[in-house]
Amino acid sequence: MANLSPKKVPMPARAPKLRSRDFLEVATGYTAEQAIEEAGRCLQCKHKPCTGGCPVQVDIPSFVAEVAKGDFAAAYEVISRTSSLPAVCGRVCPQETQCESRCVRGKNGEPVAIGRLERFVADWHNEQADVPACTIAQNGRRVAVVGSGPAGLACAGDLLRMGYDVTMFEALHLAGGVLVYGIPEFRLPKAIVQQEIRRLQKQGLHLQTNMVIGRVLSVDELMEQQGYEAVFIGTGAGLPRFMNIPGENLGGVYSANEFLTRVNLMKAYVPDSPTPIRRGGRVVVVGGGNVAMDAARCALRLGADKVTIVYRRSAEELPARAEEVEHAMEEGIVFRFLSNPVEIVADDHRRVAGIHCVEMELGEADASGRRRPVVKADSDFIIDADAVIMAIGTSPNPLIKSTTAGLETQPFGGIVTNEWGATSRPGVFAGGDAVTGAATVILAMGAGKTAAEAMDKYMRQKNQ
Ligand code: FAD
Ligand code: SF4
Ligand code: SF4
């Protein structure tokens, strides 16, 4: 008989006061007993509406049924048929707008905690014996993957399974993309991403870091001189946007990308690290997405006295994952909704002294379907600040476009592809944020998998 509780089994988490001053993981994960209890809430719906909400079509009722039986190995086997990074997705997918939004249990209570169960199964699997070495027959054909974020990792994983000889080129010194340089340790421990990359290396992946494609080698050179028969571009959208308001060039203003890179890759999160970064004081973060929440919560953990998030719409429109907003609020981050910066105010030394904002109200719906914020008359106010972090979005970097012959892009910089990820340049495929602009981990992974299938088809046809 199903567990009829209208509520999810709560996710164990560290207390806000304790966790808001360190970088250890916030949510600690279900125990086996809690996972079995939560899995018992699933009604095993025949039409699998939840699976329809998952961009990579995880067979949710089947894996949840295995969890309910306590057969976690079988549950992992089901998930890994379609998802290559379940420990990551279980932690960072916006489940409330994807799989869980379609769960029938959500009609009269909370949906089944699909993400938490997925995380439990993946963590259980990762705690078992070490990853076996490669047993896949190689076909000797060389393909290149540019960028090591979720799109590149998913694409490389599938191509390796098909027997290709895959080389991944990564611009930074560490592979993982946003999973390592953006999302902080307290949400996604780096060891999980490194374990996934090690698994791919054991399957034969050649990883070359510190390789900026477009500078050290171009895509054209990879194909014409280095013998790669096809190339996947998964270079993400790492170019920060600014508001173009006065004061954005003052000392103490960061893009969220730069701030989070200093925290994660330059290890500012390690106590007493010499990384140059703002510690303490009053910090204002502009934006309302996951990036803004991560920057604000990192600033708090680096010792800020007060952290304020300034967002131009209302709480209902916040694009960040619901759980991150809830955690940020619990930790004491202050939210100024319906507020928009117009200037960053300087002190006598050209450093940040505050941020001048205006209040907004919601008008008619815009193209995105959300009500457009409009300025309220005579509503100016200033928030005193020592640092401002801009987290208002990013775009794809133009480097690949400017160094690859015949590669079409959209005006915002996204690479143009067909539904299979093929670009305008034969043999070159692309996916993830480099195509769509900033999106989600699971969409990037889905695009990487789709492109791997198309690359395989392309290589087979090329041989005929
Ligand atoms: P990326 O992850 O950006 O990886 C691209 C890689 O390519 C990088 O490693 C980059 O260094 C490399 N590269 C770039 N140019 C070159 C070049 N010329 N040569 C070689 N390598 C190159 N999504 C969620 O689903 N849930 C979340 O909770 C969430 N939180 C986020 C928090 C932050 C702070 C950020 C920044 C994003 C977040 N996202 C979240 C979005 C998600 O991380 C991205 O959509 C996803 O990582 C995109 O994957 P990708 O593989 O396309 O690109
Ligand atoms: Fe849900 Fe993400 Fe898992 Fe799909 S991969 S089932 S969207 S948590
Ligand atoms: Fe289970 Fe919900 Fe999916 Fe139905 S919709 S199978 S209850 S997870």
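Select A171 and ligand 1: a backbone N or O atom of A171 lies 3.1 Å from a nitrogen atom of the ligand. This is a predicted model, in which local features need pLDDT of at least 70, side-chain atom pairs count only at pLDDT 80 or more, and totals for chains, interfaces and linings use all residues. Residues are numbered from 1 along each chain as its sequence is written, chains are lettered from A and ligands numbered from 1 in the order in which they are written, and side-chain values use heavy atoms, with hydrogens and water left out.

Next, select V92, where a backbone N or O atom lies 2.6 Å from a nitrogen atom of ligand 1. Then go to A439, which has a backbone N or O atom 3.2 Å from an oxygen atom of ligand 1. The protein covers 93% of the 1,000 Å² of accessible area that ligand 1 has on its own (Shrake-Rupley method, 1.4 Å probe).

Now show the 36 residues around ligand 1, those with a heavy atom within 4 Å of the ligand. V92, E170, R187, I213 and D433 come nearest.

Colour the helices (DSSP runs of H or I, at least four residues). Which helix gives the most to the shell around ligand 1? It is α13, with three residues.

Stay on α13 and select D294, which lies in this helix. D294 counts as buried because its relative accessibility is 3%; buried means under 20% relative accessible area, with a 1.4 Å probe and protein chains only.

Note on methods:
Polar contact = N/O pair within 3.5 Å; in protein donor to acceptor, adjacent residues only side chain to side chain. Helix = DSSP H or I, 4+ residues; strand = E, 2+ residues; numbered from the N terminus. Buried < 20%, exposed > 50% of the residue type's maximum accessible area, 1.4 Å probe, protein only.
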